[in-house]
Amino acid sequence: VSWPGKGVSLCVALALTATACNTETTPNRPLLTGSSGSSNTAGSANHAGATPGPTPEGFLPEGAPRSAPLRRLTRSEYRNLVRDVLEIDPPPEYALPEDWTNAGFRSTADELTTVAAATRYLDAALDIGERLLPTIHDLMPCSASDLAGELACIDGWLTSFGPRLFRRPMTDEEHARFLAAFEQARASETYEQSASLVVEAVLVAPELLFIELPSGGKPGDVLPLDSWQVAARLSLLLWDSTPDEALLAAAERGELTSRAALAKQVGRMLEDARTHATVRSFFDDWLGLAKIPGLAADPESYPYLPRELAAELAEETRAYSEDVFQQRDFRELFVSGRRFRSAALSGYYGDQLSQEEGVIAHDAEISQQSFGLLSQAGFLMTLAHAEPSSPIHRGAFVRRKLLCGRLPSAPPGVLVPLPELTTGVSKRQNITEHTAGAACVGCHGAFNDLGFALEHFDIAGTWRDSQGKLAIDTHVSFDEPGLRADVDGALQLSQALANSPSARACAVQQLFTFALERIPTSAEQAWFDQLGRSFESSGFSMKALLTELVLSDEFRSRIEPGAPP
Amino acid sequence: VKEHRLVSRRLVLRGSAGLCLALPWLESALPRNARAQELTPPKRLLVWTQPNGTVIDRWAPTAGASETEFTLSEILEPLERHRADLVVVQNLMQKDATGHQYVTSLTGYDYLDLGTPKYLSKGVSLDQYVAQQLAGSTPLASLELGVCQAEDGQGAVSWSAAGKSVVAEASPFRVYARLMGGGISTVTDGTEAARLLAHRRSVIDTVLDPLSELEKRLGSEDRAAIDNYLESVRGVERELTELQTRLGSCVVPDVGADPSTPGQAPWWQDNQNVPALLTLQRKLAVAALTCDLTRVVTLTVAGSSGGLRTFDYIDGVSQRLDWHGFSHEVEKGSDHELTQIEKWHAEQLALLLDDLKAVTEPGGTSLLHNTLVLSNNEYGSNGPVASLPVDPTSGQPANLTHQPQLMPYLLFGQCGGAIKTGRNLVLPLAETALERSQAHGYSHTRLLVSILNALGFEDTAFGNPAHAQGTVPGLLT
């Protein structure tokens with residue numbers, strides 16, 4: 001893995017200044033002041049004369065696109081399905097098998113099912129069945145007096161609930177399977193017990209647990225999704241749940257393979273409150289925000305940080321990023337005057353913006369201390385650990401997550417005798433000495449500087465003028481195709497990121513991966529560039545970008561897994 | 001030790017692992033096997049694993065004139081009563097490790113980094129390998145137990161194959177229910193128990209229905225995922241069947257009801273309940289081995305880096321930092337807290353050994369005699385190691401925080417006579433001065449091979465073939 005080369009002669013140092021932006025920024029208006037001149041095409045100024053393209057060279061990993069893996073429902077999808085369809089409290093998260101990640105986002109992809117995991121599914125289903133017993137007649141009403149009549153009741157239930165549970169009508173074989181189970185149970189159990197057994201059997205069926213995608217072609221074949229599969233994929237993505245009646249009706253009419261009909265559904269669904277949780281889960285996974293509520297700051301070193309504040313610090317960054325997604329310009333993730341504050345948060349930041357209990361939006365001047373994601377305390381604390389500050393973790397985060405840089409693991413077996421830490425010098429000097437060795441600098445060179453720019457924020461994410469008695473030097477420069485800037489401090493770094501073609505391409509890559517459950521590769525460069533251009537022309541609206549992604553042919557098809565012959 | 005909060009009356013263990021009335025392995029072994037095996041209990045493997053490394057200068061026993069003469073150190077002092085069953089193995093090194101060493105420790109490979117929380121193994125782990133060899137001998141091939149947060153996304157200990165982690169179960173209540181066949185064996189009304197069993201079986205059968213059309217529609221890669229699910233459900237069924245026959249004659253201690261409140265974080269994920277949780281998982285581990293429900297148990301005392309575990313239950317340890325934080329304090333010259341944390345865990349390990357020793361198996365040997373207990377750690381030492389020769393280039397002792405050298409391995413039990421215990425094995429370090437100062441030693445995969453040999457497997461290598469394998473010299477009888 002190599003870094004974009006530094007040998008390109010087109011170096012336009014962005015003489016960025018800490019100009020306060022108008023806090024009323026709307027998506028299409030100029031956001032940043034910089035030598036690039038134009039707001040929406042800040043990156044293209046650096047490519048004068050070259051073929052304009054929003055994706056920096058070498059940004060996408062080489063190779064053919066990997067197929068979206070067959071996967072099970074995640075915990076939240078399973079729980080939402082139980083809540084929405086069976087209208088009963090879902091099992092707690094921990095009662096279901098663990099979620100892992102697929103390319104950085106929560107998923108069950110590529111995870112083997114173990115006996116212990118299968119036991120959890122079984123126990124969860126049996127528990128739901130038992131809790132349904134007292135009200136099973138509401139769910140599966142039946143006044144029949146003989147077995148044939150009862151079977152007809154169950155058959156009717158399977159017909160009406162099947163599409164929501166299996167995200168398509170159940171097949172004859174599936175009807176027969178569950179009816180046979182009912183009949184067998186009914187020989188020794190009551191109607192209620194046997195009916196709940198049918199629910200339990202449906203809940204452990206592979207047809208429910210696995211999200212069925214078209215398959216059976218040759219590896220590498222592009223197979224179109226049918227209308228039911230599009231509905232399932234759309235609903236699981238936008239609502240984290242099974243399709244609702246309206247979406248199923250559209251699926252039944254076979255409409256969802258058409259872009260126009262799909263657009264109508266997508267518009268409707270994006271307006272629904274259920275997308276809030278989805279958008280938040282996107283940022284939680286991308287930016288690691290789920291760690292904030294559990295932060296254990298060192299109370300001896302930071303007695304002013306009350307533990308109770310962790311939830312509000314989490315809400316600050318979650319609400320901020322969701323706001324950027326829903327109605328603002330993506331570049332405002334890095335730089336804006338918008339602050340989400342409660343009275344307690346205002347007290348922590350010392351900015352007097354709020355006397356309210358809840359965390360809500362306020363507008364203020366952009367300043368060195370407060371300007372966007374990289375100045376938010378909860379977020380910064382997730383990268384702090386138990387050290388005075390952690391430029392290494394912060395820098396690696398910016399490189400990997402905000403610029404989508406690919407860092408190799410430390411080479412195995414390499415044991416580098418680290419020099420003793422010099423006392424009485426700044427953290428920056430310490431780390432620079434510590435990682436200067438040839439074995440270290442290959443990787444650390446790619447991210448140390450990004451972290452040094454943030455050094456005015458301490459472990460608790462609050463501003464410090466100096467590190468104790470030591471001066472802090474936050475001056476760094478970058479000369480890469482996707483990031484050329486000479487900056488001093490976190491605000492200027494953020495402005496450079498907002499102007500960085502790599503950071504924009506990274507946002508496209510993150511949302512692409514979230515929506516399509518696979519990483520884009522160089523074989524899809526043309527489409528990826530197209531996405532980048534429409535992102536730009538929408539005023540960098542992440543919501544518009546997500547819409548574009550789910551309306552794409554790629555969202556409505558799947559590449560057959562397996563290595564191409 | 002401070003009083004444990006929240007140990008509810010309901011959680012006081014009823015019954016004891018030592019009360020097994022008959023030994024199922026004997027019954028099942030008799031019909032098919034020769035008489036010579038009548039009184040030979042099976043060998044078991046129990047891996048105890050904890051994170052963050054130790055303070056090696058306060059851990060390593062003082063060597064005497066021979067390997068049987070040694071004085072236990074401050075950290076290992078609570079294990080004095082088990083010294084006759086102990087083998088200390090010093091100076092091994094995890095050659096492939098580069099952080100996230102849980103992944104390396106039982107696999108002998110470095111890891112594949114797909115970004116947090118995906119640090120994937122490149123091979124099967126020792127415990128799972130043994131479980132796979134023994135599959136079918138017991139209702140559960142293996143049992144993986146966690147305490148509080150068993151994993152924090154930094155990598156698991158147990159891997160069934162490259163990239164396939166086996167998640168430890170952190171709820172003792174779920175473990176208990178699993179051992180009791182979905183809780184059915186706890187139902188005292190025979191008719192109701194029979195109905196529940198039949199009901200559970202019927203649900204399982206619908207999954208295994210051979211008529212399922214789903215697989216026919218799938219390509220081979222997708223089918224493999226479904227097959228794996230079906231195979232796991234089949235495993236649930238097998239467990240259920242075999243547990244019914246085993247449990248008739250053996251007692252698993254009742255852990256009581258889960259005190260968790262719905263809608264809140266579970267009781268068993270609350271850090272302050274760790275002492276109670278560790279006790280429960282320990283009792284369940286011993287019961288599962290005693291009753292021969294499994295022959296392989298991995299008890300992960302804490303996930304990699306200890307998660308965010310703090311200690312309000314250990315004397316002399318403030319809540320100023322978490323476990324990981326205190327391990328980094330050692331490099332700043334303060335090793336008091338980590339030493340106390342390590343010592344507390346040695347006390348807990350001693351209790352586990354007490355339990356294993358209290359079980360008498362047919363033929364008169366103890367369960368501990370027939371078990372190999374490996375006390376494993378994620379890392380070696382922390383901070384500068386005074387007992388090492390100084391680094392010839394810097395003139396200072398090496399700072400080995402969270403490094404793979406000087407792994408603090410302990411073995412307990414005789415593994416049915418395969419291991420001679422009561423010894424302190426100090427293995428050689430590398431020959432060059434620089435490598436000696438950095439404590440480069442033999443590959444820890446030698447220990448993994450020795451353990452396999454002790455358990456009766458003839459493997460000559462385990463993990464990355466790039467390392468010289470062989471065994472730990474002098475370990476086996």
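My entries follow, one topic at a time.

**Entry 1: what I am looking at**

I note at the start that this is a predicted model. I keep that in mind for every distance below.

**Entry 2: the interface of chain A and chain B**

I began with the contact between the two chains. I find 60 residues of chain A in contact with 63 residues of chain B. The area buried between them is about 5,500 Å². Carbon and sulfur atoms give 59% of that area.

Next I looked up polar pairs. Across the interface, 12 residue pairs are in polar contact, both residues being at pLDDT 80 or more. I then asked which elements of chain A touch chain B with two or more residues. They are β1 (100-102), α2 (115-132), α5 (172-186), α6 (191-203) and α7 (206-209) of chain A. The most comes from α2(A), which gives 9 residues. By class, I read 27 nonpolar, 14 polar and 19 charged residues on this side of chain A.

**Entry 3: salt bridges between the chains**

The rule finds 5 salt bridges across the interface of chain A and chain B. I looked at two of them.

One joins Glu169(B) and Arg120(A), with N to O at 2.7 Å.

The other joins Glu189(A) and Arg195(B), with N to O at 2.2 Å. Glu189(A) lies in the loop between α5 and α6 of chain A, while Arg195(B) is in helix α6 (residues 190-208) of chain B, so this pair joins two chains. Buried or exposed? I checked Glu189(A) and Arg195(B). Both residues are buried.

**Entry 4: salt bridges within a chain**

Over all chains the count comes to 53 salt bridges. I noted the general point that side chains of opposite charge can pair when their charged atoms come close.

Glu174(A) forms a salt bridge with Arg168(A), and the closest N and O atoms are 2.9 Å apart. Both of these residues are buried.

Arg81(B) counts as partly exposed because its relative accessibility is 48%. Asp354(B) is partly exposed too, with a relative accessible area of 27%.

**Entry 5: Arg338(A) and its network**

I moved on to a group of charged residues in chain A. Asp323(A), Arg328(A), Glu332(A), Arg338(A) and Asp363(A) are linked in a network of salt bridges. I followed Arg338(A). Arg338(A) is in strand β4 (residues 338-341) of chain A. At 18% relative accessibility, under the 20% cut-off, Arg338(A) counts as buried.

Which residues does Arg338(A) contact, leaving aside neighbours within four places in sequence? I list Tyr320(A), Asp323(A), Gln327(A), Arg328(A), Ala361(A), His362(A) and Asp363(A). The side chains of Arg338(A) and Asp363(A) also make a polar contact, at 3.4 Å.

Ala103(A) has phi near 50 degrees. Ala103(A) is in the loop between β1 and β2 (105-107) of chain A. With a relative accessible area of 35%, Ala103(A) is partly exposed.

Phe540(A) has a positive phi of about 55 degrees. The loop between α21 (525-537) and α22 (542-550) of chain A holds Phe540(A). Phe540(A) is buried, at 1% relative accessible area.

**Entry 6: chain B as a whole**

Chain B has 12 helices and 13 strands. Of its 477 residues, 60% are buried. The accessible surface comes to about 17,300 Å², and carbon and sulfur atoms hold 51% of it. I also checked contacts between residues at least 6 apart in sequence. Of these, 74% join residues at least 24 apart.

**Entry 7: Glu329(B)**

Glu329(B) counts as buried, at 10% relative accessibility. Beyond its neighbours within four places in sequence, Glu329(B) is in contact with Arg320(B), Leu321(B) and Ser334(B). I also noted Gly383(B), 54 residues away along the chain, with its C-alpha atom 8.0 Å from that of Glu329(B).

Definitions and conventions: Residues are numbered from 1 along each chain as its sequence is written. Chains are lettered from A and ligands numbered from 1 in the order in which they are written. This is a predicted model: local features need pLDDT of at least 70, side-chain atom pairs count only at pLDDT 80 or more; totals for chains, interfaces and linings use all residues. Side-chain values use heavy atoms; hydrogens and water are left out. Contact means heavy atoms within 4.5 Å. Buried area is the accessible area (1.4 Å probe) that two parts lose on being put together, summed over both. A salt bridge is a side-chain nitrogen of Lys or Arg within 4 Å of a carboxyl oxygen of Asp or Glu. A polar contact is a pair of N or O atoms within 3.5 Å; within protein, one must be able to donate a hydrogen and the other to accept it, and residues adjacent in sequence count only if both atoms are side-chain atoms. Helices (H or I, at least four residues) and strands (E, at least two) are DSSP runs, numbered from the N terminus. Ala, Val, Leu, Ile, Met, Phe, Trp, Tyr, Cys and Pro count as nonpolar, Asp, Glu, Lys and Arg as charged, and the others, Gly among them, as polar. Buried means under 20% relative accessible area, exposed over 50%, partly exposed in between (1.4 Å probe, protein chains only). Accessible areas come from the Shrake-Rupley method with a 1.4 Å probe; for residues, only the protein chains shown count as cover.
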